[in-house]
Amino acid sequence: MTWGAYLVYGRGIDPRVGARVARAAAAIEADPPVWLRDWIPSYDRIFVEYDPRSVDAGALGDWARGLEAGEGPEGRRVEIPVLYGDLDLPEIAGRTGLSPEEVVRLHAGVDYRVYAVGFTPGFPFMAEVPEPLRLPRRAVPRKRVPAHAVGIAGVQTGIYPQESPGGWNLLGRTLVRVYDPHRARPFLLEPGDRVRFVPRKGAPPGPPQPVELLEAGEGAAVFEVLEPGLLTLPVDAGRFRAGRYGLARSGPLDARSLGVANRLIGNPPEAAALELNLSGPVLEALEGVTVALALQDAHGRLRAWARTLRRGERLDLRVLSGGARGYLAVPGGLVLGRFMGSASPDLKGRIGRPLRAGDRLRAAVARSGLRRAELSWRRDGRAGPEVVLRLWPGPQAEPEALEALLRGRFRVAAADRMGVRLEGAAVPGGEVTSEGVPLGAVQVPPGGAPMLLLADRGTIGGYAKPAVLHPADLARAGQLREGDRLRFVLDPAARAYDVLDV
């Protein structure tokens, strides 16, 4: 189990507070305790994820108060060329009463401090934007912001390294990549750096090539991919201690099903396996091999089987019953390459990729001793038409927002690995100073439509988070399909996220 807390060093965007955060973050990176799962610095605080079985809030506070003894990082001055124009520039000019040329002159006329990197890999959070340009975020975030877009939101400015959702107002696009996983230093900017934008002409760069993980491992080839499925991904436990760079946790959306599939054939519960999305692959066995498949629905009902395939036998997984995702395990786990400690993909970060026809899957062990097994059970035999998920109070647990979440009925408008967009009852939301985002957070922008944030969430965000899913319900949330109906209940043993003034 993982829990989180905010270590707060001040309030708002202030260079002196940012320096304290930077010193503390450098101390954590120099000597992270074994119970610390991740840490995500932002403007005035550090969000930490930890094992609550190993440390309590009191000990956490004592540890946090001793973090600022060392020196913080010494920043560099970096010039970034920008092709200003199009996107939202005409709208920004109209809303501010300035000409487009004046908007560009103001934005490019000051140095910006990098306070944090997050949201997506390499996205720098910088301040302060000149007063005339301080516009709020868009009420409804875009589903797609182009790669390299330069945005503003309030006093902040930032750069979208990859195409992604986002709610900032867009001025132009950079002519360099601020993130490239193939570079020795993937992240161009770090906290403490000073940035000056320089207007230039030219063409924005294309996206970097993905880092190959699937073909990087060595082992016995046990399957050839005949049809890849809709979005079939190799996953392991996930990428821990990388949130400060904006890298997603990734890993399985349904860790319970992954663990069941692995245990059926004697693997460790977090061994690398395939995550199948809505429609899985067609595979051909290259030799005799034992496999296991586990599928759960959003109510918690689970079915799993294991069996041994002969050489040349095909395994057709194009139709999945139950939830949105299933997990296929092979003996010893898939053999894959790794990036920053994990074989899981980060598709926003161009790390790993889905299966393609012709891929060969390698296993650590050719076959297990299990010939055939099957199990099926219902976690809740009275499951009704609505999925019920438990909530704990979140970082911005305002009573009105919690009441709206608990009283409302919702429908899944869309779901992917980043999260689940809900429609239905409006929930009070809004903007906050950008900060680390818990896994399972219920995020609510000013438009009032909540979103459940899952494994590929942005690590830093600036929208209110009135609630967080019970950690044990994350797996079921990962099985939600478009059109599913759900409601929330408050867990009787709920505890609020700790906010510790340091």
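Q: Before we count anything, what counts as a helix or a strand here?
A: Helices are DSSP runs of H or I with at least four residues, strands are DSSP runs of E with at least two, and both are numbered from the N terminus. This is a predicted model, in which local features need pLDDT of at least 70 and side-chain atom pairs count only at pLDDT 80 or more, while totals for chains, interfaces and linings use all residues. Residues are numbered from 1 along each chain as its sequence is written, and side-chain values use heavy atoms, with hydrogens and water left out.

Q: OK, so how many helices and strands does the protein chain have?
A: The protein chain has seven helices and 31 strands.

Q: And how does its radius of gyration sit against a compact globule?
A: The protein chain has a radius of gyration of 23 Å, which agrees with the value near 23 Å for a compact globule of 502 residues; the radius is taken over C-alpha atoms, and the globule rule is 2.2 Å times the number of residues to the power 0.38.

Q: How much of the chain is buried?
A: Of the 502 residues, 57% count as buried, where buried means under 20% relative accessible area, exposed means over 50%, and partly exposed lies in between (1.4 Å probe, protein chains only).

Q: Switching to Asp38: where is it, and is it buried or exposed?
A: Asp38 is found in strand S2, which covers residues 36-41, and it counts as buried because its relative accessibility is 4%.

Q: What does the side chain of Asp38 reach?
A: A polar contact is a pair of N or O atoms within 3.5 Å; within protein, one must be able to donate a hydrogen and the other to accept it, and residues adjacent in sequence count only if both atoms are side-chain atoms. The side chain of Asp38 reaches the backbone nitrogen of Gly243 at 3.2 Å, and a polar atom of that side chain lies 3.4 Å from the backbone nitrogen of Ala242.

Q: Which residues does Asp38 touch, then?
A: Leaving out residues up to four places away in sequence, Asp38 touches Phe47, Val48, Glu49, Phe240, Arg241, Ala242, Gly243, Arg244 and Arg249, with contact meaning heavy atoms within 4.5 Å.

Q: New topic: what is the strand order in the open sheet of four strands?
A: The order is S19-S16-S13-S21, with antiparallel pairing, and two strands pair if DSSP finds at least two bridges between them. Strand S19 (314-316) and strand S21 (360-363) stand at the edges with a single partner strand each, so one side of each has no neighbour in the sheet.

Q: How many bridges join S13 to S16?
A: Four bridges join strand S13 (residues 220-227) to strand S16 (residues 282-285), and the bridge partner of Phe223 in S16 is Ala285.
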